Amino acid sequence: MSFFYKNILKPLFFRLDPEHAHELVVGSLSLLSKTPLIRPAMAAFNQLPQASKPIEAFGLKFPNRVGLAAGFDKNAKCWPAFEALGFGHVEIGTVTALAQPGNPKPRMFRFPEHEALLNRMGFNNDGALEVAQRLETLPGPGQRGIPLGINIGKSKVAPLDQAVEDYRTSFRALADYADYLVVNVSSPNTPDLRKLQEGDRLRELLSELCRENEVRLEKAGGVRRPILLKIAPDLSEGELDDILQILIDLKLDGIIATNTTMSREGPFKDLNEAGGISGMPVCVKSTEIIARIAKQTEGRLPIIGAGGISSPDTAQAKIDAGATLVQLYSGMIFEGPLLGKRIARSLATSFGDLQ
Ligand SMILES: Cc1cc2nc3c(=O)[nH]c(=O)nc-3n(C[C@H](O)[C@H](O)[C@H](O)COP(=O)(O)O)c2cc1C
């Protein structure tokens, strides 16, 4: 498959505009998601053997360590296909309370020679209600082969001082369908969003969402959902430490490190395109951030590591730094759709998970 992807599919896709290619793939995978016999058969073939040891994190069991990062399946149209491709979890979104078109196109760019992408999508998505309706027709938490995370962000039109209400609307609409929720305050493409990573604003946002979670518990048969925060790689050590203190104080369930970078180094120094860079250029930085999180929290905060994972070694480095699970997106564009399966198998072998 890797040979077929690299020599046939990839050259074809790479002739297309990146977003157009993306839409074609989402369309095909959404067909696969709805195919009754083929999808489960592929899942049985591509997932680790049933008897393998699951990975436990924030109260959930994952069949393997590798997930699909947010941004690929923004609208929950094709996530079941990723179970069939061997991924151990999928994170959909970012979903916002209000449907929105995102930034003008073009807004996604490839840099194959650096195995990097740049995007300034701007949270283009169908909105929380429509995504919730789509999820309602499918098996829910606990009935799926792999956990489903839902990543929520701020609607572009919501001013910063109404961000809490905006996130709360998405939380209420989507929590029933999520195995875990991610609060995204780290996309570089929504004006002012990253300001929500700062002290009091972050504390208020997260404590309100934690309170919302407790409200769920009080309802008959209610369950709380693990809540994770997704951070940027462009934080200073001081900023990161402040965030970690808030997460520890609020007993948040975990952290995703990291989103795309705004930094322009090396070959990107003179690049005149706005947006966040992902893939290889963010790999080392995100691993350093994971290591600092693990050190500062003495391993108490579960970490999902993301940023430039393109091989078993790059994934292993994030786990060695302190991540329990990893996620990837850009690597799959360059290496093919079975990259998640390949890395999951390699990690499972090295950790002795295979029974
Ligand atoms: C085209 C594109 C769109 C993305 N959209 C989102 C998004 O909506 N929400 C989010 O939290 N992260 C988003 N991301 C960031 C990824 O989830 C991931 O954190 C980042 O790309 C680093 O991982 P990678 O190097 O494996 O791609 C996006 C990334 C790309 C390349």
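**Helix packing in close-up**

**View 1. Helices H8 and H9.** Helix H8 (residues 237-249) packs against helix H9 (residues 283-296) at an angle of about 50°, and their axes are 11 Å apart. H8 is therefore oblique to H9; angles under 35 degrees count as roughly parallel, over 145 as roughly antiparallel, 65 to 115 as roughly perpendicular and the rest as oblique. The model is predicted: local features need pLDDT of at least 70, side-chain atom pairs count only at pLDDT 80 or more, and totals for chains, interfaces and linings use all residues. Residues are numbered from 1 along each chain as its sequence is written. Axes are lines fitted to C-alpha atoms, for helices over the stretch in contact, with angles running from 0 to 180 degrees between N-to-C directions. Helices (H or I, at least four residues) and strands (E, at least two) are DSSP runs, numbered from the N terminus. H8 and H9 cross in a right-handed sense (near helix turned clockwise from the far one by less than a right angle; left-handed if anticlockwise). On H8 the contact is made by Glu237, Leu240, Asp241 and Leu244, and on H9 by Ile289, Arg292, Ile293 and Gln296 (contact: C-beta atoms, placed from the backbone, within 7 Å). The contact of H8 with H9 has 4 nonpolar, 1 polar and 3 charged residues. Ala, Val, Leu, Ile, Met, Phe, Trp, Tyr, Cys and Pro count as nonpolar, Asp, Glu, Lys and Arg as charged, and the others, Gly among them, as polar.

**View 2. Helices H9 and H10.** H9 and helix H10 (residues 312-321) pack at about 20°, with axes 8 Å apart. This angle makes H9 roughly parallel to H10. The crossing of H9 and H10 is right-handed. H9 contributes Cys283, Thr287, Ile290, Ala291 and Ala294 to the contact, and H10 contributes Thr314, Ala317, Lys318 and Ala321. By class, the contact of H9 with H10 holds 6 nonpolar, 2 polar and 1 charged.

**View 3. Helices H10 and H12.** The axes of H10 and helix H12 (residues 339-351) cross at roughly 55° and come within 9 Å. H10 and H12 are therefore oblique to each other. H10 passes H12 in a right-handed crossing. Pro312, Ala315, Gln316 and Ile319 of H10 meet Ile343, Ser346, Leu347 and Ser350 of H12. The contact of H10 with H12 has 5 nonpolar, 3 polar and no charged residues.

Methods
Contact = placed C-beta atoms within 7 Å.
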